[in-house]
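Let's take a walk through this protein together, from the inside out. Keep the 3D view open as you read.

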Amino acid sequence: MPRGPRQPLFISGGAFNSRAFLIFGRCANSRRVPDLHIPHRALTPLAWFRRRFRVSEFWFIALAIVVGAMAGLATVGLGLAARGLQQLVFGLHGERLSLAVKLSPVELAMLPVGGLVLAGFSLLVRSRRRTFVDAVEANALHGGRMSMTDSLIIGAQNAISNGFGASVGLEAGYAQLGGAAGSVVGLALGTRRGDLRTLVGAGSGAAVAAAFGAPLAGAFYAFEIVLGAYTPAAIAPVVAASLAGALVAHLMGMPPYAIEAVNSALAVPGDHYVLYSLLGAVCAMIAIALMRTVTAVEAGTRRLGLPVWARPAVGGLLLVPMAAWSPQVLSGGHGALGSDLAITTSLSFLALILVGKSLASAITIGFGFRGGLFFASLFIGTLTGHLFAGVVAQIAGYQILPSGDAALVGMAAMAVAVIGAPLTMAMLVFETTESFLLTGAVLAASLIASTIVREGFGYSFSTWRLHLRGETIKSARDVGWVRLLTAGRMMRREVNAIAASASVAEFCRRFPLGAVSRVVLTDDGGDYAGIVAPAIVYAEGLAADATIGELARAPLSPLAPDANIVEVMETFDSVQADELAVVGPDGAVIGTLSEKFVRKRYAEELEKAQRDLFGE
């Protein structure tokens, strides 16, 4: 038989030709495959580029650099928009809002006005009723798929919230736009699921690197927050993207966020590690209280029955007296972070600022402003560290911990407790202080804080918000394939069925011994009524006119078509059966599923995930 024409490597939509993959699969730790000698005229330019990015490590790193540059540009643009809005609304002249000495009544009125503006903008985009997906959720549940339109909406909402003085930073918007850039580019080029997730992480990490001028912190942010694992295959593209993002922001003249707390530049004595570990525990407790307060405020707004559009305006009104007392509680707190630590400030005032900033952040997010707690956690952490050093000094009678060192350690520990990224914060402290001397203390406090939060709370702030929506994920580790493998997708649709009222003779006539392993029973209405094994029917001593329904086991729990593979395996374990029926919403049997096949598919997916992890 003559062979058909040679099939191209990529079909429409970027799908990979499975036969070619089986024959020319990639070698371990390499993207290169043997050249298939496909005539160039058979590939469109886009298909040619898709092929390059899928099979070449060099090309994929170049693609990550492009994504990093895009993320850097998006960070610069969003930052300029928010700062420009702040200067317009509050009459600033280059300084930070949190450094303002006092706000006039007109300027204070801008807080509820900003809530109304945000509500109006949200009403304009209300037609998009689906839930917005951030980078963490996209990588955990959707294989890296994000919407650029949705991400632009989130960025605009974040800019409005921050621009009108709400107590949130822009880091969530930066990471959202950077991740969306990676997702859109990856989808356009038909990258694999694992590569698409890497691009989303690279884009988000590059955005953070651009904001702080810290490429290493941005790279570790991508690994710890957005990818959920340190994958060997992702190291080069993620680091390259973070470098590109930071470089683009620098060339565009965007000043990085300055962490102005001054450290002692002295090695940390061994006995100080005990105190820094205790500081990490204190930060964990404050972080848990902060996250629960945000949730309580949000639940309270729902119980009050406030319409969704009015909540930001009411939240803005609640911020007015706090901002009148001290503008340091507003915006991200970038200016106030260094101001409180660079000058001599009483511990009581720092404690009031810590409480005020925490409440302002909880009110801002709980009443519907858009943003995150990234920089707020850094600010609160520096205050906590400074207060901790002061309290220890008062107890001991002399200054044991340098205030600057304690502020930096507290900053990292608090951010880890809220955000959940120990190495990210260690690298951020290193890159902002240019000193490794505090790295050990930062890691000790951060790991203590992270452990306490995991044990006492269980979630970081981003995954806690997803948990409140009904999700169960605790990191960005890819579990989306679990939801894709449902009983409806895996079942065998050919159903061997017989009425439960049929006789043994009728059963033997229709199903000879050895022809099938299980037969589904149905009632008079065609609904599921149980499963019977042919061996039971063919047992000696049964009357030919006996009813099959009398021989079957009690009806086993059927499977719903949308039950994922983990739920299916749990059902098999609970009922101790080899095969179960899949029943639709109307009660009719639509297929059958065996435990052996389910566990085989689960093992295959785990092996595939392991290969993706190591880039094989």
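**Starting in the core**

Leu378 touches Phe212, Leu337, Met411, Ala415, Met425 and Leu428, leaving aside residues up to four places away in sequence; contact here means heavy atoms within 4.5 Å. Before going on, note that this is a predicted model, where local features need pLDDT of at least 70 and side-chain atom pairs count only at pLDDT 80 or more, while totals for chains, interfaces and linings use all residues. Residues are numbered from 1 along each chain as its sequence is written, and side-chain values use heavy atoms, with hydrogens and water left out.

Leu378 and Phe212 have the most contacts inside the largest nonpolar core, which has 127 residues. Such a core is a set of buried Ala, Val, Leu, Ile, Met, Phe, Trp, Tyr and Cys residues joined through side-chain atoms within 4.5 Å. Helix H16 (residues 403-419) gives the largest share of this core, 12 residues. Apart from it lies another core, of 18 residues, including Met491 and Val575.

Now look at strand E4 (residues 579-583): 5 of its 5 residues are buried. Buried means under 20% relative accessible area, exposed over 50%, and partly exposed in between (1.4 Å probe, protein chains only). Helices (H or I, at least four residues) and strands (E, at least two) are DSSP runs, numbered from the N terminus. E4 pairs with strand E5 (residues 589-594) in the antiparallel sense over 5 bridges; pairing takes at least two DSSP bridges. Ala581 has Thr592 in E5 as its bridge partner.

Finally, Leu123 sits in helix H4 (residues 105-124). Leu123 counts as partly exposed because its relative accessibility is 46%.
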